[in-house]
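Morning, everyone. Please look at the screen, and then we'll walk through it.

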Amino acid sequence: MIEIVMSSIIAFFILGGAFFGFVAAIGLIRLPDMYTRLHAASKSSTLGVMMMMTGTFLYFWYVESYVDTELVLAVVFIFITAPVAAHLLARSAFHADVEPYQLTILNELKRDETGAPDGNHGERVIIEGKRRPDLENREPEK
Amino acid sequence: MNTFLDVVIIFSVIVLAFAMLGMVYRMLKGPTLHDKLVALDAFGVLLMAMIALTAMMLGTTHLLVVVLLIGILAFIATIAFAKFLEKGVIIQYDRNSDE
């Protein structure tokens with residue numbers, strides 16, 4: 001009985017890790033611009049690899065009777081560093097003038113040539129509930 | 001019951017291999033350099049999971065050190081590459097300069 005329960009838990013964690021890794025790959029291929037791809041890649045693959053590390057830890061604990069604390073350290077390390085890496089990537093991309101997708105409706109960091117905040121950065125569109133059908137019906141660029 | 005876990009592990013290896021193939025596609029095609037860098041970062045993270053699966057398949061515990069090592073190296077590589085693409089240098093001596 002305990003074999004079935006433990007094997008099911010280990011299989012759940014391993015299959016969950018593989019599933020979220022696959023979701024990250026689908027997001028990387030399908031999403032339109034760099035920022036949304038970063039959103040998919042950082043969140044989903046982090047959760048996937050954390051589940052996979054937990055499954056590996058339980059597997060070696062149960063099957064081989066070997067407790068490996070480095071896997072716990074790997075989980076904590078991924079949990080700390082993945083948001084930092086994603087934030088640095090997004091910051092680097094924004095300073096390198098990577099264009100957001102054309103249907104992006106809020107860009108709070110946008111500046112004009114003098115360095116002042118751009119007054120027309122789309123916040124009003126959200127508050128008044130206006131939509132932009134001229135932009136939404138445009139063909140998405142590859 | 002070990003057969004069940006073996007099937008699960010081999011299935012996960014196949015799924016992760018296809019996921020890594022998709023990231024290689026984005027790494028080769030990505031319109032900007034930053035797209036390629038995002039794909040490289042996610043590829044490094046998935047490589048950790050792949051090596052953990054390999055350790056379970058082979059039944060050895062020696063590969064578990066490699067998991068942590070690859071995680072650290074992928075993080076440092078991402079940081080250095082992002083800073084290089086932003087500023088053109090990696091190590092800055094004057095922290096207030098725009099160069």
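How many salt bridges does the rule find across the interface of chain B and chain A? It finds 2. A salt bridge here is a side-chain nitrogen of Lys or Arg within 4 Å of a carboxyl oxygen of Asp or Glu. Glu86(B) forms one with Arg91(A), with the closest N and O atoms 3.0 Å apart.

Some ground rules. This is a predicted model, where local features need pLDDT of at least 70 and side-chain atom pairs count only at pLDDT 80 or more, while totals for chains, interfaces and linings use all residues. Residues are numbered from 1 along each chain as its sequence is written, chains are lettered from A and ligands numbered from 1 in written order, and side-chain values use heavy atoms, without hydrogens and water.

Back to the interface. The contact (heavy atoms within 4.5 Å) takes 48 residues from chain B and 47 residues from chain A. Together the two chains bury about 4100 Å². That is accessible area, taken with a 1.4 Å probe, lost on putting the two parts together and summed over both. Of the buried area, 79% is on carbon and sulfur atoms.

Now chain A. The unreviewed UniProt entry annotates residues 6-29, 41-63 and 69-90 as "transmembrane region". Such annotations may be inferred rather than shown by experiment. Helices are DSSP runs (H or I, at least four residues), and strands are E runs of at least two. Residues 6-29 of chain A are 100% helix and 0% strand, with end C-alpha atoms 35 Å apart. Residues 41-63 of chain A are 96% helix and 0% strand, and there the end C-alpha atoms lie 32 Å apart.
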